[in-house]
Amino acid sequence: MADEVVLLDFWLSMFGMRVRIALAEKGIKYEYKEQDIFNKSPLLLEMNPIHKKIPVLIHNGKPVCESLIIVQYIDEVWNDKSPLLPSDPYQRAHARFWADFVDKKVYEVSRKLWATKGEELEVGKKEFFEIYKILEGELGDKPYFGGETFGFVDLSLITFYSWFHVYEVFGNINIEAECPKIIAWAKRCLQKETVANSLADQKKVYEAVGQLRKMRGLE
Amino acid sequence: MAEEVLVFGAWGSPFSRRVEMALKLKGIEYKYIEEDITNKSPSLLKYNPVHKKIPVLVHNGKPVAESLVILEYIDETWKDSPILSKDPSERANARFWAKFIDEKCLPAIFKACWGEEKEHEKALEEATELLQFLENELKEKRYFGGETVGLLDIAANIIGYWLGVFEEASGTELLTREKFPKLCNWANEFVSVSAIKENLPPREKLIAYLRNRFGVGTASKYTRHL
């Protein structure tokens, strides 16, 4: 029986992009359904009644929610190729820990760079680099967080790269100057077709967020 | 080769107790190290430099941090008495609800018990709504894990034991039998499991600690004004 895979997503969501990368890595055919997050569809509300958020993966009618949970689900169902997590339990725990760190820390500090101003923005800038310096430390001299190959932690973080132009312009920061290893790592990841094809264009994201900021009275 | 398993925890923390519950369920021997979270040991800071928090599991010298990450590590390392299903859909489901408990339920419960007075009614409503989702998720199952205690039951230890203690310590009423018959039944079943029962902090000691640390509770203050 053919698998039916549907992804409810929003084009500039770094969380949705994670799922797109995972699906591409596994070569899974799926139907992409763009959602209007300001006017949520009945389908989205039915498939994610708890959080009412994208991304949602719908596999043969059953929804899976929360991007990193979806990625692990994809890895476990389509386990015949391109493993996204290592097979060793300790390395898996290490990967889960750092992906969890990205979730807990990176989104919040990044958000401040484009959604706040004044004092709050200055605090955000400081925190942003604190977090990214920790990530640089973890990366070390490895080509990827996963070691020799692109893995779960790389996937969880690389999608924020599509927002880097947003952070640099609205936050008035220079990420490459402060965290050159992160930029080098990001460019390395982008050499992978699955990543390059799954990330939203930096300029388009910037234009959209610019609009959003106007709506919120930040311009 | 002899295995060495260390658990750095705090006696009152539901997070470090989760780790102990899982190890107990699987019959794994470990050495417990009590941490004073106001005065963290050099070992803890060495093993969890990123978050500097308990729990940390150290297995043959290698540390694992974050309770839910530790639970999965335990399940993958010691395969007897599994706490997660083999089915990917059920695994995703357990992970989803465990995350929900930590990221949504706990903060809401805390706000309802010790939040600002002017937000008390709203906090109670929110916590009740979130608990309702868990009530519905339980359905007719004996445990969230089905016939046996699973990862989600362990993650729900906050609901199964700590919530009742929070309620008593703060004078708040949340998990009533009237509103949550299934959750109440589950909580009784849960705390009766010996691996769980052995790992519950003493009730009176925990109440005293909570009152000392967080105050008498919003509801207690609220009703004083009425």
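Is A:Asn60 buried, partly exposed or exposed, and what is its relative accessible area? A:Asn60 is partly exposed, at 35% relative accessible area. Here buried stands for under 20% relative accessible area, exposed for over 50%, and partly exposed for what lies in between (1.4 Å probe, protein chains only).

The model is predicted: local features need pLDDT of at least 70, side-chain atom pairs count only at pLDDT 80 or more, and totals for chains, interfaces and linings use all residues. Residues are numbered from 1 along each chain as its sequence is written, chains are lettered from A and ligands numbered from 1 in the order in which they are written, and side-chain values use heavy atoms, with hydrogens and water left out.

1. Positive phi at A:Asn60. This residue is not a glycine, yet its phi is positive, at about 50°. A:Asn60 sits in the loop between E3 and strand E4 (62–65) of chain A. Helices (H or I, at least four residues) and strands (E, at least two) are DSSP runs, numbered from the N terminus.

2. Positive phi at A:Asn172. Phi of A:Asn172 is near 55°, again in a residue other than glycine. With 62% relative accessibility, A:Asn172 counts as exposed.

3. Cis peptide bonds. In chain A, the bond from A:Ile54 to A:Pro55 is cis, with omega near 0°. In chain B, the bond from B:Ile54 to B:Pro55 is cis, with omega near 0°. A:Pro55 lies in the loop between helix H2 (42–47) and strand E3 (56–59) of chain A; B:Pro55 is in the loop between helix H2 (42–47) and strand E3 (56–59) of chain B.

4. Surroundings of A:Pro55. A:Pro55 counts as buried, at 4% relative accessibility. Neighbours within four places in sequence aside, its contacts include A:Leu7, A:Leu8, A:Phe15, A:Val19, A:Val64, A:Cys65 and A:Ile70. Contact is taken as heavy atoms within 4.5 Å. The C-alpha atoms of A:Pro55 and A:Ile28 are separated by 16 Å, the two residues being 27 apart along the chain.

5. Buried face of H7(A). In this helix (residues 164–171), the buried residues are A:Phe164, A:Val166, A:Tyr167, A:Phe170 and A:Gly171. Seen down the axis of H7(A), they fall within an arc of 160°, so they line one face of the helix. The arc is that of the directions from the helix axis to the C-beta atoms. An α-helix has 3.6 residues a turn, so residues three or four places apart point the same way. The buried residues of H7(A) pack against several helices of chain A, among them H1 (14–25), H4 (89–115), H5 (118–139) and H11 (202–215).

6. H5(A) against H7(A). Their axes are 11 Å apart and the packing angle is about 140°. That makes H5(A) oblique to H7(A). On the contact itself, H5(A) supplies A:Leu121, A:Lys125, A:Phe128 and A:Tyr132, and H7(A) supplies A:Phe164, A:Tyr167, A:Phe170 and A:Gly171. By class there are six nonpolar, one polar and one charged residues. Ala, Val, Leu, Ile, Met, Phe, Trp, Tyr, Cys and Pro count as nonpolar, Asp, Glu, Lys and Arg as charged, and the others, Gly among them, as polar. Axes are lines fitted to C-alpha atoms, for helices over the stretch in contact, and angles run from 0 to 180 degrees between N-to-C directions. Angles under 35 degrees count as roughly parallel, over 145 as roughly antiparallel, 65 to 115 as roughly perpendicular and the rest as oblique.

7. A:Ser110. This residue is in helix H4 of chain A and is buried, with a relative accessible area of 1%. Leaving out residues up to four places away in sequence, A:Ser110 touches A:Phe128, A:Phe160 and A:Tyr167.

8. H4(B) against H7(B). Helix H4 (residues 88–114) and helix H7 (residues 157–170) of chain B pack at about 15°, with axes 10 Å apart. The two are therefore roughly parallel. Residues of the contact include B:Ile101, B:Leu106 and B:Trp114 of H4(B), and B:Ile158, B:Leu163 and B:Phe166 of H7(B). The residues of this contact divide into 10 nonpolar, one polar and one charged.

9. H3(B) against H4(B). The axes of helix H3 (residues 67–77) of chain B and H4(B) come within 11 Å and cross at roughly 150°. H3(B) and H4(B) are therefore roughly antiparallel. Among the contact residues are B:Glu72 and B:Glu76 of H3(B) and B:Arg91, B:Arg95 and B:Lys99 of H4(B). This contact has two nonpolar, one polar and six charged residues.
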